[in-house]
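Here's a quick tour of a protein model. Take a look at the sequence and the 3D view first, then work through the topics below.

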Amino acid sequence: MTRSPTGTKLAQQQDQPGVVYRRCGCRGEDGKQLGFSCPGLEHVSHGRWYFAVQVDGVDGRRTRIRKGGFATEPDARRAMAQLQSLPSAEAVARTWTVGRWLRFWLADIERHEAVRASTLAGYRRVVDGYLIPELGHIRVSKLRTKKVQRALDRIASRHTRNGRLIAASTVHGIRAVLRSALSHARRTGLVGFNAAWRIKTPNGVRAYPVVWTPAREREWRLHGVRPRVACWDLPHLGRFLEAVQDDRLFALWWLVALHGLRRGELAGLRWQDLDLVGRELTVREQMIVIDGQTLLGPPKSEAGRRTLALDETSVKIFRQYRREQARLRGGKLDVLDPLFTRVDGNPVRPDWLTREFQRRCADLGLPPVRLHDIRHGSVSIDGAAGVPLKLTSQRAGHSSVVTTVDIYQHVFPETAHAEVAKTAALILRHAKLRMRSGGASQA
């Protein structure tokens, strides 16, 4: 660790454990910094002292750490010795910023294909849009819970383009991404604790889907008031299916109503997935769109890989659809061809399906719903039809029946009235009541 006041000596000593050198910020006539070549460095009081060492990085490669601003050479040497006494990961943490770590973490996830492409794209949006602007400048070793809390508080106070506060679920998602990144940093020894663990986030009310009852529909038509998330009742769904029964993609719309497939799953289906003899449809892949590019990948979860039974009506619909597609393609249907295509023969895309569905709804004057809301309705129709909950959960591709019950399965009004009547009848078997026509009942 020899004193090196010039750039030449510094370059010659990069293979040593560490170097100490002096430089300044003076600039020449061309406006460029003189650095090591400044004549003023001949004076003891001119410039500041720096050190440079190489340590094992978190990626397994040697990384160079440089730090400066010391008044004297002994100060720089003491700081270098202190840094060299630390484990390599901890030494890196003192020089890497949160932004640099987040970039490395994303690259590491992509390299090992640890998550789905769409999930990785979501992580990138959170990192670039929220975490790096708020926390990216902080050294990893200096990141504390208080700083993370203040950053998330600032994010939670932002407003969206429509003037509303950012959704609580979005803030929860941002914290989840940071927590995951810092958990990986802790596993590598970069930090000793996760600063995103004990963070208070806004309490949001989950928007549960409701049914478009006649009263809600009247309110919407008269005043434009609509629920945040709503699905059609059975008459609405019936009107839609009747209106699109001559549509080229009627088989797709029928499949959404019957089984509630996700739009990416619909776009990812191939002819090999359809078995009309065995009356089954297998979901193996889904299509996702990232930065305008379409990719085929696994379903949302392992439970998304499933085989769905087809009833006789579905078999008839798909046989007719297959005959029509074979006619349009000159009798040739390859098993690897997409099951659903646009008029030009290209596969349907998830975003295209959304636009097509919205256009048809607007043309029919039906209450507004999203394509995904038909999935909500399909799960609820199962409940109204008395389908066992476990089977409904499997058909929907949920990893747990808790998801089916907690989020998706609301009850149609007629089903609710029928069920409460059953409950009342059970009570009345054990309570003989006299009903008064003009007042309350009494025992």
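This is a predicted model: local features need pLDDT of at least 70, side-chain atom pairs count only at pLDDT 80 or more; totals for chains, interfaces and linings use all residues.

Two strands count as paired if DSSP finds at least two bridges between them. Helices (H or I, at least four residues) and strands (E, at least two) are DSSP runs, numbered from the N terminus. Residues are numbered from 1 along each chain as its sequence is written, and side-chain values use heavy atoms, with hydrogens and water left out.

**The sheet with β6, β7 and β10**
- Strands β6, β7 and β10 line up in that order in an open sheet of three strands, with antiparallel pairing.
- At the edges sit β6 (274-275) and β10 (306-309), each pairing on one side only.
- β6 and β7 (residues 280-283) run antiparallel and are joined by two bridges.
- Look for L274, whose bridge partner in β7 is L281.

**The sheet with β1, β2 and β3**
- Here's another open sheet of three strands, in the order β1-β2-β3, again with antiparallel pairing.
- Its edge strands are β1 (18-23) and β3 (62-70), and each of them pairs on one side only.
- On average, neighbouring strands of this sheet are turned by 20 degrees against each other, direction ignored.
- Eight bridges link β2 (residues 48-56) to β3 in the antiparallel sense.
- Q54 stands opposite R64 in β3.
- Helix α2 (residues 73-84) lies across β1, β2 and β3, and runs at about 15 degrees to β2.
- For angles like these, axes are lines fitted to C-alpha atoms (for helices over the stretch in contact), and angles run from 0 to 180 degrees between N-to-C directions.

- The axes of α4 (residues 98-112) and α7 (residues 168-187) come within 10 Å and cross at roughly 85 degrees.
- That makes α4 roughly perpendicular to α7, because angles of 65 to 115 degrees count as roughly perpendicular.
- On the α4 side, the contact (heavy atoms within 4.5 Å) is made by W101, L102, W105 and D108, while α7 brings V177, S180, A181, H184 and A185.
- These contact residues divide into six nonpolar, two polar and one charged.
- In this scheme Ala, Val, Leu, Ile, Met, Phe, Trp, Tyr, Cys and Pro count as nonpolar, Asp, Glu, Lys and Arg as charged, and the others, Gly among them, as polar.

**Cavities**
- A cavity is a set of points, on a 1 Å grid over the protein atoms alone, where a 1.4 Å probe fits but cannot get out, and its lining residues have an atom within 4 Å of a point.
- Grid points are joined across faces, edges and corners, and a volume is the space filled by probe spheres set on the points.
- The structure has four cavities of 30 Å³ or more.
- The largest cavity holds about 70 Å³ of space.
- Twelve residues line the largest cavity, and W232, L237, I374, G377 and S378 are the closest to its centre.
- Helix α14 gives the most to this lining, with five residues.
- By class, the lining of the largest cavity has eight nonpolar, two polar and two charged residues.
- The second largest cavity comes in at about 50 Å³.
- Around the second largest cavity you'll find L258, H259, S378, V379, D382, T392, R395 and A396.

Conventions
Angles under 35 degrees count as roughly parallel, over 145 as roughly antiparallel, 65 to 115 as roughly perpendicular and the rest as oblique. On a 1 Å grid over the protein atoms alone, a cavity is a set of points where a 1.4 Å probe fits but cannot get out, and a pocket is an open set with protein on both sides within 12 Å along at least five of seven lines; lining residues have an atom within 4 Å of a point.
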